[in-house]
Amino acid sequence: MNYVRQLNAFGEKSIGVLNAKEQAMYLRLFLIANQLKWPEWFEVANSQLMRELGMRWKKTIINARRELEKKGFIQSVDPGHKMKTRYHLIHSEVVN
């Protein structure tokens, strides 16, 4: 995956589509995936996202995740109580 192309594609695709919380969550997931060397799927705890994004409520994370999925930016698997959610970033590049 090309980091810069993916980030540019996100920038273009998200305009008028994602609210600020959804954008922040996607970008945080993007950075986490980069730190992990771009695995196809990776796990992140809701508590980690809440801390890193400065969000106080788990419901805010869940709502942002649901919207990112619905709008085609991510896939996720929530295994349930007290377990980390698995994430997959959907790759897309802007055609020049």
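Select Glu67 and Lys71: glutamate 67 makes a salt bridge with lysine 71, with the closest N and O atoms 3.6 Å apart. A salt bridge here is a side-chain nitrogen of Lys or Arg within 4 Å of a carboxyl oxygen of Asp or Glu. Lysine 71 is partly exposed, at 31% relative accessibility (buried means under 20% relative accessible area, exposed over 50%, partly exposed in between, with a 1.4 Å probe and protein chains only). Shared partners in salt bridges join Glu22, Glu67, Lys70 and Lys71 into one network.

This is a predicted model, in which local features need pLDDT of at least 70 and side-chain atom pairs count only at pLDDT 80 or more, while totals for chains, interfaces and linings use all residues. Residues are numbered from 1 along each chain as its sequence is written, and side-chain values use heavy atoms, leaving out hydrogens and water.

Lysine 70 is exposed, with a relative accessible area of 63%.

Next, select Asp78 and Arg65. This salt bridge has its closest N and O atoms 3.3 Å apart. Aspartate 78 sits in the loop between β2 (74-77) and β3 (85-89) and arginine 65 in helix α4 (residues 58-70), so the pair ties together parts 13 residues apart in sequence. Arginine 65 is buried at 4% relative accessibility, whereas aspartate 78 is partly exposed at 42%.

The count by this rule is five salt bridges.

Note on methods:
Helix = DSSP H or I, 4+ residues; strand = E, 2+ residues; numbered from the N terminus.
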